[in-house]
Amino acid sequence: MYSVLKGTHDVILDEARKYSYVEAVLIKVAELYNYKEFRTPIIESSDLFTRSVGESSDIVRKEMYTFLDKGNRLITLRPEFTAGIVRSMVNNKLFANMDLPVKAYYVGPNFRYERPQQGRYRQFNQFGIESCGVDNFYRDIEVISLGYNALQMLGFKDVKLKINTLGDDETRENYKGALKAYFSDKINLMCDDCKERFEKNILRILDCKVPSDIEIVKEAPKINEFLSENAKNNFQNITKALKEMDIPFEIDTNLVRGLDYYTGVVFEYQYSSSKNKNYGALGGGGHYGKLIKEIGGPDLEGVGLAFGIERLVSIMNDDELFNDIAQDLDIYLMPIGKESFEEANKLTNFLRLNGFSVEVCFENKNMGQMFKKAERRLAKYALILGENEIKDKKVELKNLKTKEQIEVNYDDLIDTLDNLIDEDEHEHLD
Ligand code: AMP
């Protein structure tokens with residue numbers, strides 16, 4: 001017996017349907033905002049992530065699935081999408097050939113060697129967007145509001161949107177200086193990760209989850225005291241626009257996010273499930289001022305966000321936000337006796353080619369058993385086919401809800417089913 005690897009999970013049957021449903025809603029929203037789909041490789045050259053996600057991030061320091069391939073190339077399973085998406089925009093010369101911003105959405109798996117726990121996997125799925133080649137704060141707003149609106153469409157109420165700004169270069173330089181001064185006589189008391197962050201990217205200390213470190217961080221200087229005039233205006237514009245759009249938010253000056261490439265606004269969507277389980281943030285993102293250039297593209301800025309599909313589905317399960325997405329079946333075809341299998345096989349093929357979902361019973365069961373199977377499969381109609389019917393080129397069609405049964409000639413079958421199933425759907429919508 002084999003079991004799934006630690007931190008991975010099978011997504012099958014109803015659960016898979018929920019994943020597809022959530023992804024379909026997110027894609028629909030992305031298309032409303034005119035984002036286009038990008039599918040980039042799962043394997044990329046390791047440097048792409050080391051350089052962009054950053055040496056001080058947890059991802060690069062300890063979570064990448066990296067290996068040498070048979071050609072001695074250092075390769076990494078993508079731990080996040082942004083770097084690969086931007087690389088593809090650069091490689092495909094989209095900045096020269098398309099109107100700006102270039103707007104991408106994506107869905108697919110990522111890999112991070114993390115300690116598995118509730119809401120945290122080693123292989124997990126993300127949906128996200130990137131808007132690259134942006135030159136004013138309205139594009140940040142577009143991304144933040146897309147995320148918020150998508151959550152509304154999935155049925156999330158009371159989403160907590162936290163936002164912060166990491167300012168511009170001037171702001172960050174000044175702020176980092178102040179943090180260095182504040183932490184220099186405390187860093188010895190802090191965790192090993194923080195000691196490393198102190199050297200490599202001191203801002204990341206603010207994100208530490210160790211309780212005794214959180215106490216020290218509480219008293220640290222706040223970034224809003226160091227914002228340059230430009231950074232302050234930019235952030236004020238963003239918060240003003242969010243208010244005008246009735247999108248509630250909270251400013252959290254300790255929010256820095258886990259990836260090193262962010263500059264300017266950063267944000268996170270949080271939500272507590274009614275079961276009070278903590279799965280971590282549903283998603284988050286931010287503005288990146290230098291990443292595109294870093295990856296070899298022009299000096300343009302971008303902004304993006306990502307949601308974790310696992311977390312969305314877990315919470316939607318807990319809060320019962322999936323209503324009625326069970327997959328029903330148009331027709332359960334019941335051949336009476338093995339003699340009818342050949343005709344049943346042909347008829348099933350014919351119905352499927354005409355766009356009806358059909359399951360057929362080739363297990364040689366009696367009528368009672370076949371009706372049970374039809375019910376379990378949530379079939380709308382049972383189609384009964386016996387020797388007599390085959391001889392007369394007709395079938396018995398039974399509505400499994402109303403129990404009404406009619407006789408239909410082969411020649412009228414498609415028209416009759418079209419009308420019946422159409423009517424049912426209308427009734428359903430009313
Ligand atoms: P990040 O790419 O780190 O900014 O994360 C964006 C979102 O991806 C998070 O808010 C989560 O919803 C999801 N996510 C990140 N890491 C994991 C993980 N290990 N397992 C499940 N979901 C994750």
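A salt bridge is a side-chain nitrogen of Lys or Arg within 4 Å of a carboxyl oxygen of Asp or Glu. The model is predicted: local features need pLDDT of at least 70, side-chain atom pairs count only at pLDDT 80 or more, and totals for chains, interfaces and linings use all residues. Residues are numbered from 1 along each chain as its sequence is written, and side-chain values use heavy atoms, leaving out hydrogens and water.

**Exercise 1. Work through the salt bridge of Lys 394 and Asp 392.**

Step 1. Take the distance. The N to O separation is 3.5 Å.

Step 2. Classify each partner. Buried means under 20% relative accessible area, exposed means over 50%, and partly exposed lies in between (1.4 Å probe, protein chains only). Lys 394 is buried because its relative accessible area is 16%. Asp 392 has 40%, so it is partly exposed.

Step 3. The structure holds 30 salt bridges.

**Exercise 2. Explain how Glu 343 and Lys 346 are placed along their helix.**

Step 1. Identify the contact. Their side chains form a salt bridge, 3.6 Å from N to O.

Step 2. Count along the helix. Helices (H or I, at least four residues) and strands (E, at least two) are DSSP runs, numbered from the N terminus. The two residues sit three apart in helix H13 (residues 341-353), so about one helical turn separates them.

Step 3. Compare cover. Glu 343 is buried at 16% relative accessibility. Lys 346 is exposed at 51%.

**Exercise 3. Find the cover of each partner in the salt bridge of Glu 37 and Arg 39.**

Step 1. The N to O distance is 3.1 Å.

Step 2. Glu 37 counts as partly exposed because its relative accessibility is 38%. Arg 39 reaches 73%, so it counts as exposed.

**Exercise 4. Which residues have a positive phi although they are not glycine?**

Step 1. Recall the background. Most residues other than glycine have a negative phi, and most peptide bonds are trans.

Step 2. Take Leu 13. Its phi is about 55°. Leu 13 lies in helix H1 (residues 13-32). It is exposed, with 72% relative accessible area.

Step 3. Take Asn 72. Its phi is about 65°. Asn 72 lies in the loop between S3 and strand S4 (74-77). It is exposed at 60%.

**Exercise 5. Locate the cis peptide bond between Leu 100 and Pro 101.**

Step 1. Read the torsion. Omega is about -5°.

Step 2. Pro 101 is in the loop between helix H5 (94-97) and strand S5 (102-111).

**Exercise 6. Locate Ser 212 and relate it to Phe 183.**

Step 1. Ser 212 belongs to helix H9 (residues 211-218).

Step 2. Its relative accessible area is 46%, so Ser 212 is partly exposed.

Step 3. Ser 212 and Phe 183 are 29 residues apart in sequence. Their C-alpha atoms are 14 Å apart in space.
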